[in-house]
Amino acid sequence: MGRLRSALVREYEDNPNVKMSLHTPANTQAVELCFRGEKMAKVVGVLAAEEPLDGTTVSGILIKRGFKYHLMTPSDLPNYTDLARSVVTQKQCVPYKSLFSLVGYYLRQLAGEVEEIKENGVVVGYKAFKVVTVLKGVQKVILEWTANATNDMYADAVLSVLMQIEGDTSGNALSVALSNATSAGKYDDVEKFPSRLYKLLNDIFGEGKVVRTPTGDSMSVTVDTNVATISVKDLTVDCEDEGLQQQVSGVVRRLHTALHPCKAVMVSDEAVVAPAYQ
């Protein structure tokens, strides 16, 4: 260490621009180095368009270049860095030889509202949870979704349904769909849906929180200052508070499904159609 210290002194002793102090503590001597604990990040791009208020949370991607930090949105990555943003789309082929319309029926039981994908008036696929697409192939189905933690979970649920239908060699999946179809017209409780919903909402949110119109076409639920308006006919919920809207919408959807699980099932060589909602 002594020779290293002498070499460093000789290296820079004739350089007037370099001022340094060399210390050679003993082996058993404690050395304390002080570093600045806080780090400063420069906000650039879209995030810097408006000055944030005190207490506002600013979120984005933190980029470190040398000893400098920059905070930006993902869309600004190509503008301020050499990085490029890309979207990973997952695609999985699953062997499937059963009726393709059974997929739509059981996806409705799983996800509720399912979008149909049609070509020339023929259903060639379904879209569940608004993110997972199931397309019809030759003795197979093709799953497509944009990869992220949430969508991967939805895709696993859809894959589980497909495997359950395809693995059912006894025809139980089809018999369940048919039995629900034949019993759909026997649900007299569907006419009592508004009154059942009114009672259920009172049990959940408390007496006096639910108001029903004289005609029974709509109801409103008041929680603190938030009001959720329910259309009994369309099964839609309007509310400015997203959390309350999702909670009330879930109650309405589950009760309607319990009282009226399917509207109709049509069986042919090509289709088993079973809409879950009116």
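Predicted model: local features only at pLDDT ≥ 70, side-chain atom pairs only at ≥ 80, totals over all residues.

**Stop 1: along helix H4**

Which residues of H4 are buried? Select Asn-151, Ala-155, Val-158, Leu-159, Val-161, Leu-162 and Ile-165. Turn the view until you look down the axis of H4. The buried residues fall within an arc of 155°, so they line one face of the helix.

Next, go to the start of H4 and pick Asn-148 and Thr-150. A side-chain oxygen of Asn-148 comes to within 3.0 Å of the backbone nitrogen of Thr-150.

**Stop 2: salt bridges**

How many salt bridges are there? The count is 3. Side chains of opposite charge can pair when their charged atoms come close.

Select Lys-91 and Glu-144. They form a salt bridge, with the closest N and O atoms 3.4 Å apart. This pair links distant parts of the chain, 53 residues apart. Lys-91 is in strand E4 (residues 89-95), and Glu-144 is in strand E8 (residues 140-146). Lys-91 is exposed, because its relative accessibility is 58% and exposed means over 50%. Glu-144 is partly exposed, with a relative accessible area of 24%.

Move on to Arg-108 and Glu-116. Their closest N and O atoms are 2.9 Å apart, in another salt bridge. Is Arg-108 buried or exposed? Arg-108 is buried, because its relative accessible area is 9% and buried means under 20%. Glu-116 is partly exposed, at 29% relative accessibility.

The side chains of Glu-116 and Lys-118 meet in a salt bridge, at 3.8 Å from N to O. Shared partners join Arg-108, Glu-116 and Lys-118 into one network.

**Stop 3**

Most residues other than glycine have a negative phi. Now check two residues against that.

Select Asn-120, in the loop between strand E5 (114-119) and strand E6 (122-128). Asn-120 is not a glycine, yet its phi is positive, about 55°. Asn-120 is also exposed, with a relative accessible area of 82%.

Then jump to Leu-235, in the loop between strand E11 (226-231) and strand E12 (236-238). Leu-235 has a positive phi too, near 60°.

**Stop 3: a nonpolar surface patch**

Finish by showing the surface. Which residues make the nonpolar patch of about 570 Å²? Select Met-1, Leu-4, Leu-8, Tyr-12, Val-18 and Met-20.

Zoom in on Met-20. Where is Met-20 placed? Met-20 sits in the loop between helix H1 (2-12) and strand E1 (41-43). Met-20 is partly exposed, with a relative accessible area of 40%.

Methods:
Residues numbered from 1 in each chain as written. Heavy atoms only, no water. Patch = residues over 30% accessible without salt bridge, like charges linked within 9 Å, V, L, I, M, F, W, Y side chains within 5 Å. Areas by Shrake-Rupley, 256 points an atom, 1.4 Å probe, with all protein chains shown as cover. Salt bridge = Lys/Arg side-chain N within 4 Å of Asp/Glu carboxyl O. Helix = DSSP H or I, 4+ residues; strand = E, 2+ residues; numbered from the N terminus. Buried < 20%, exposed > 50% of the residue type's maximum accessible area, 1.4 Å probe, protein only. Arc of directions from axis to C-beta. Polar contact = N/O pair within 3.5 Å; in protein donor to acceptor, adjacent residues only side chain to side chain.
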